[in-house]
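The sequence and structure come first.

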Amino acid sequence: MTRPSSVDGPAAVLWDMDGTLVDSEKIWDIPLAELAVRLGGELSAETRAEMVGSNQERTLRLLFASLGLPADPPALADAGDWLVARTAELFAAGLPWRPGAPEALRAIRASGVPTALVTSTVRELTEVALDSIGREHFDITLCGDEVTNPKPDPEPYLTAAARLGVDITRCVVVEDSPTGVAAGVASGATVLVIPCEVAVDSGERRIFRESLVGVDLAELSVVLSR
């Protein structure tokens with residue numbers, strides 16, 4: 001099929017991963033809680049909520065701060081290595097889809113519109129996740145350790161659009177968290193918000209939906225036109 005024009009559809013669809021396509025935030029709960037115990041404390045619900053949508057460095061700094069630990073680079077590196085290894089074990093067992101996600105991915109892919117996976121998760125773990133999600137759904141993938149300024153900065157989405165050769169203002173970003181939504185809006189894209197673990201405030205260029213069930217190119221064209 002031909003790519004939609006800027007009039008009748010998005011130039012590209014930029015997908016978040018954790019909490020948007022897969023219900024992996026509940027999986028992340030496990031190693032993060034375990035890591036807190038290894039560090040001599042306990043992960044609070046408030047700190048865990050603040051981590052949603054963040055990259056690994058910010059997540060670890062939030063954890064260390066909440067436990068009253070100095071964020072020494074060697075300690076952060078050791079904690080990060082442990083977190084990646086433990087999370088990889090859990091991801092390898094398979095990731096549960098969010099409702100409608102696999103069908104939405106297939107529908108958009110079949111339409112011929114360029115797609116990107118734009119995640120705050122590091123490349124090593126994203127590759128494990130892609131074994132479940134399917135690499136064939138995306139033209140490119142961009143990970144949290146591959147940008148200078150991660151979400152909520154717009155750099156990840158701006159970079160993805162540039163690599164696809166499309167105008168970010170004609171793109172639809174699909175996100176679930178306040179951090180990711182802020183990145184999408186700041187980039188100039190229109191954001192389809194599918195809340196998961198943390199509520200997202202309303203605002204400009206934010207269209208809310210309960211799930212990805214029924215999402216296809218026609219639906220995203222409507223989202224872009226609002």
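## The largest cavity

The largest cavity has a volume of about 230 Å³. The model is predicted, and the count of cavities of 30 Å³ or more comes to 1. Rolling a probe the size of a water molecule over the atoms shows where empty space is left.

## What lines the cavity

The lining of the largest cavity is made up of 24 residues, and those closest to its centre are D18, W28, G53, S54 and T121. By class, 10 of the lining residues are polar, 7 are charged and 7 are nonpolar.

The largest contribution is that of α1, with 3 residues.

## Cysteines

A disulfide is a covalent bond between the sulfur atoms of two cysteines. The number of disulfides in this model is 0. For a pair to count, the two sulfur atoms must be within 2.5 Å.

C196 is in no disulfide either, as the nearest cysteine sulfur, that of C143, is 19 Å away. C196 counts as partly exposed because its relative accessibility is 24%, and the buried class takes in values under 20%.

Notes. Residues are numbered from 1 along each chain as its sequence is written. This is a predicted model: local features need pLDDT of at least 70, side-chain atom pairs count only at pLDDT 80 or more; totals for chains, interfaces and linings use all residues. Side-chain values use heavy atoms; hydrogens and water are left out. Buried means under 20% relative accessible area, exposed over 50%, partly exposed in between (1.4 Å probe, protein chains only). On a 1 Å grid over the protein atoms alone, a cavity is a set of points where a 1.4 Å probe fits but cannot get out, and a pocket is an open set with protein on both sides within 12 Å along at least five of seven lines; lining residues have an atom within 4 Å of a point. Grid points are joined across faces, edges and corners, and a volume is the space filled by probe spheres set on the points. Helices (H or I, at least four residues) and strands (E, at least two) are DSSP runs, numbered from the N terminus. Ala, Val, Leu, Ile, Met, Phe, Trp, Tyr, Cys and Pro count as nonpolar, Asp, Glu, Lys and Arg as charged, and the others, Gly among them, as polar.
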